[in-house]
Amino acid sequence: MTTEDEPQPVSFQELKKRWAQQEEATRPPDPSSPPVKPASKSPPTMAVSSNVEAPLQKSRPLATTSRPRIPPKPPVRAATTSHGETPAAVSMLTHQFHHLTTRQDVSSSQQASSSQDPFCDHSEEEEQDSSDSGISLTSSGNEQQQSQQQPSPPPRQSSLHQYHARTPPPPPPPSKKYHHSAARIPTSNHDNNSNKSSCTESNVSPPSLPPRPTLYSRSQPEPAPVLPPRPSTSTLARSHTIAAAGIGGYHHYHMPAPPVPASSSHEEDNRLRRSQSTRATSARKAMQMQQVNGLYPDFNNASRKKPFIRRERKIQTGHRGTIRAVAACGRYLATGAHETRLWNTDLNQHLYSIDSAAPNDNADKIYALAFAPTPLPKDEGAFLWVGLKEGELMIIDTSLGRIVTRPQSRHDQTITAIMRYRNTEIWTLDEGGTLCIWDAHSIGLRDQRTVTPRVTATLLTRERHLWMSSGRTIEVYRDGMEEHEIPRVRIPNDLGNITQFATVPYHVGKVVAAHDNGKASMWDANTLERLEVITVSMYGITSMVAVGDHHVWMGYNTGMIYVYDTRPVRWTVVKMWKAHDSAIVKLVVEDIGMAIGDETIQVVSVDSHGYMSLWDGLLPEYWKDQKMQMYQGDFCQERDTRILICSWNIDANKPEKLTASDDKLVRDWLRGMQDPDIIVVGIQEIVDLESKKQTARSLFASRKKIESLQEADELLTHRYTLWHDHLVQVIRDNYKHADYTVIKTDQLVGLFSCIFVKTSELRRVSNVESAVVKTGMKVMNKSLHGNKGGIAIRFQLDDASLCFVNCHLAAGQSHTQQRNADAEGILQSADFRARDDDNGVFANGGDGSMILDHEHCFLSGDLNYRINMSRDKVIDCIQNMERDEALAYLQKEDQLLKQRIVNPLFKLLLFQESRIDFLPTYKYDPGTDYYDRSEKKRVPAWCDRILYRSKNAENLFYRRHEVLASDHRPISGGFRVRVKQIDRSKEREVAFRIEEAWYEHYLQLIQERKVTYLGDFGLFDTQEARQRLQAADWDVGRAIEQALYSK
């Protein structure tokens, strides 16, 4: 049932009909046609109940001689059988019209007046707008007469002027289904009296219909709301989503208000201010996250030398399915998928295959593996426990390669983990949460508990605590706990799903968790409180193990393995190398072998393609290299080398086009250092890159355009020759007292590099080589065009390696991520000939095949990093602030400097940059001292930079030069580099001493491992175990036999 005065819904078709009638009624007649004589019969009026006053009426224009009389608007009829309108229909129309008139954003004064009466508006702007549309919302006295005497408004025209002058029409009325709060027509005399105070009384007429909805603007469409990126379940995709959202979460986007007309001079400033506001928000969130998770590893001294065990050991397992389980003990290695396979790691030989599946059943059956402890050390690795998908357990004799027993399992679901607890127990856990604890020697069930089901990561600590995680939670089972007593902690949202746990002996009472968003977290083992978070990578951590006293090994889906020294607050990357061609799915450490006679700790890595590799967990080569660096002064002599680096984006200028003043300034640019030993010149945009883009298109066009490519190559060769000859001549003129020789030049479309060395120093130079990297147009992630990229030239000076990189990165104010990718690509992709016999020439154990393998690296060029400010603001700072204050203020928004905050893992941050004490070098109007005054009005920026990476380099100066020919200013930097020369005989003496020190250190590691192994039998404490081993001359087997005999 509905009340009589409740508004009834009106269909959209009915509204369309009424809009059409309204437009027909308000359209002015054609002046060429004779005036239409109005009908004598007055239009029908709306019937309103006696107790309701209509608050609105249509203003009737007076008949004048200046224009034809506009006929009155036809009345609105509701769907009734009579000619009168019901109060419910009036209320419904008023309800909809009020919603439309109050929908637009208005000022506070307008909102205040409209709150008094929905049909009264005292705003002059709205009065003018209503009079223009031919509809008067309020009229009385003189106001009504003035509106009637005003000439008829001209027809509306679609013009930009009228768009700026008028507010856009409101949208169509909303459905009653979703809007219930519209005001109704007052139904009491009291309400009528209250309305009279704000609205002038006039003749009552039916309420006017709302205007027909129109498009927001044909020339400037209403911007749609921007949605945040959809989250992805992929680890890499999720990391990109987080990066796009500004680390701290997604941005909140609001529907913008109708645009306010602005002058053309402020349009770009407003656009830049909006984009910079978004970037500033992302930066602030990044800084906030850094304060919370502000620990990042130090990569500066990371070695790329692979830690082989005497030689490279790579095994192809041959499993038909994914390797789901791996176990290692001594010389034995086991893998499980559809079957169990045993290997001898000393011989890299396959021993046995044990298939527990039915014939022709290729499904994965093996989900967990572990070698059981034995009473005697000599029997270690003899028995292998296997967990099957059906919840069954079986034990394999590795010497015979067959199943010897099947323990009476209490599991009825897939066994997901088999864990060895010291030398006494085996713990098994299934997918349903059933935990069984077995005596490892008698194979008897000691205890059974119910814990967390469907765990994905487990860790059994030496304190007999079982850490479990299903991805988003951490639960710890302590001995004797019931299921409801197990503490549970949900990890914060800034951490990804947990993939692995590990305990590091150096960090007592703490547990490390690896996450699939590239973070590692450290937790208090007693309180389960999160202590710290380290962002170790932008890629998800797929596997992790603790090796030795303080090292953590992590594997990634890129096939890389990183080794971290966890002792510093900021972890140090000890090693990083490409271990596999596919994602690493397992890392397993075998540290029992050292206690029973093996030479080292083995770390086994398994990839998703079924390959295994064995690595030396002791890292002896790294230990020795670190010691050699400590005693480098005992066998090396160092001498200073002066290096001048010059860089300039010449904007396709030719040497002969330089003016006399510019030619003099170019000579000063190449004469910035007195008596340099090496002069490095890097030029960008030696030709117009826009024309070269046309050449690139010809690569995919018909054969008719091949001539244009040849012509372009001829142009490039000619331009390279012009600048090469000019540089040689200028340097000859600048340094008449010394002779310089060009040892290497190389080019890549717009890039040109040329290195001069004093002729007297040529005998010190060897192994000169160059490499080019294209980062321009890409197809299938492969760069095909070199309009952007880098040139790397390396050589050996005495016994030191130097590498000079000239690069041109992606342009564009907002293309910071593309510039980062270009820089990473140049550093990673520049490929030199590897040298195995480096003899201490390269840094951090590198073989010289990569840029970062060299001891002294210099990177310069048009890096294109911009300032995140508007052009007007940058210029205002330069003109109106003190120089030092302005430079410091602008450098806070420099994109490259801000990468240290928002992207601390960026490889380019391994380089240093001297203090910038000059104005932005880009972008000028060529030939003038004015920053860009073209239509684009680019923001001034320090696009041209010189970076360096060296432990023994000192910057002498870093400046720009005032050559006006280009839109860039050239820059130069002077360095003093200490270059080593090795005395090989003294080096051998130091190496011999370090080898002896390593042997002593190695014996200590073996003894500590034997003490731990003997104590794990639970027969005596650590001190007594050490005494028994010393009495047995460190023979573990004899010490155990004596202990068992004495018991």
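**View 1. Cys-754 and Cys-646, two buried cysteines of a predicted model.** Cys-754 counts as buried because its relative accessibility is 0%, where buried means under 20% relative accessible area, exposed over 50% and partly exposed in between, computed with a 1.4 Å probe on protein chains only. Cys-646 is likewise buried, with a relative accessible area of 0%. A search of the whole structure finds 0 disulfides, a disulfide being a pair of cysteine sulfur atoms within 2.5 Å. The model is predicted, so local features need pLDDT of at least 70 and side-chain atom pairs count only at pLDDT 80 or more, while totals for chains, interfaces and linings use all residues. Residues are numbered from 1 along each chain as its sequence is written, and side-chain values use heavy atoms, with hydrogens and water left out.

View 2. His-968 lies in the loop between strand S40 (953-960) and S41; helices (H or I, at least four residues) and strands (E, at least two) are DSSP runs, numbered from the N terminus. At 2% relative accessibility, His-968 counts as buried. Apart from neighbours within four places in sequence, His-968 is in contact with residues including Trp-648, Asp-862, Tyr-922 and Cys-943, where contact means heavy atoms within 4.5 Å.

**View 3. Helix H18 and what covers it.** The 32 residues of helix H18 (residues 984-1015) should span 46 Å at 1.5 Å a residue, and the end C-alpha atoms are 46 Å apart, which agrees; the expected span is 1.5 Å times one less than the number of residues. Among the buried residues of H18 are Trp-998, Tyr-1002 and Arg-1009. The elements that cover the buried residues of H18 include strand S10 (415-421), helix H10 (620-630) and strand S41 (971-982).

**View 4. An open sheet that includes S10.** This open sheet has 4 strands in the order S10-S11-S12-S13, with antiparallel pairing, and two strands pair if DSSP finds at least two bridges between them. S10 and strand S13 (445-450) are the edge strands, each pairing on one side only. Strand S12 (residues 434-439) is joined to S13 by 5 bridges, and Thr-434 has Thr-450 of S13 as its bridge partner.

**View 5. The crossing of H15 and H16.** The axes of helix H15 (residues 871-880) and helix H16 (residues 883-891) come within 8 Å and cross at roughly 155°. That angle makes H15 roughly antiparallel to H16, because angles over 145 degrees count as roughly antiparallel, under 35 as roughly parallel, 65 to 115 as roughly perpendicular and the rest as oblique. Axes are lines fitted to C-alpha atoms, for helices over the stretch in contact, and angles run from 0 to 180 degrees between N-to-C directions.
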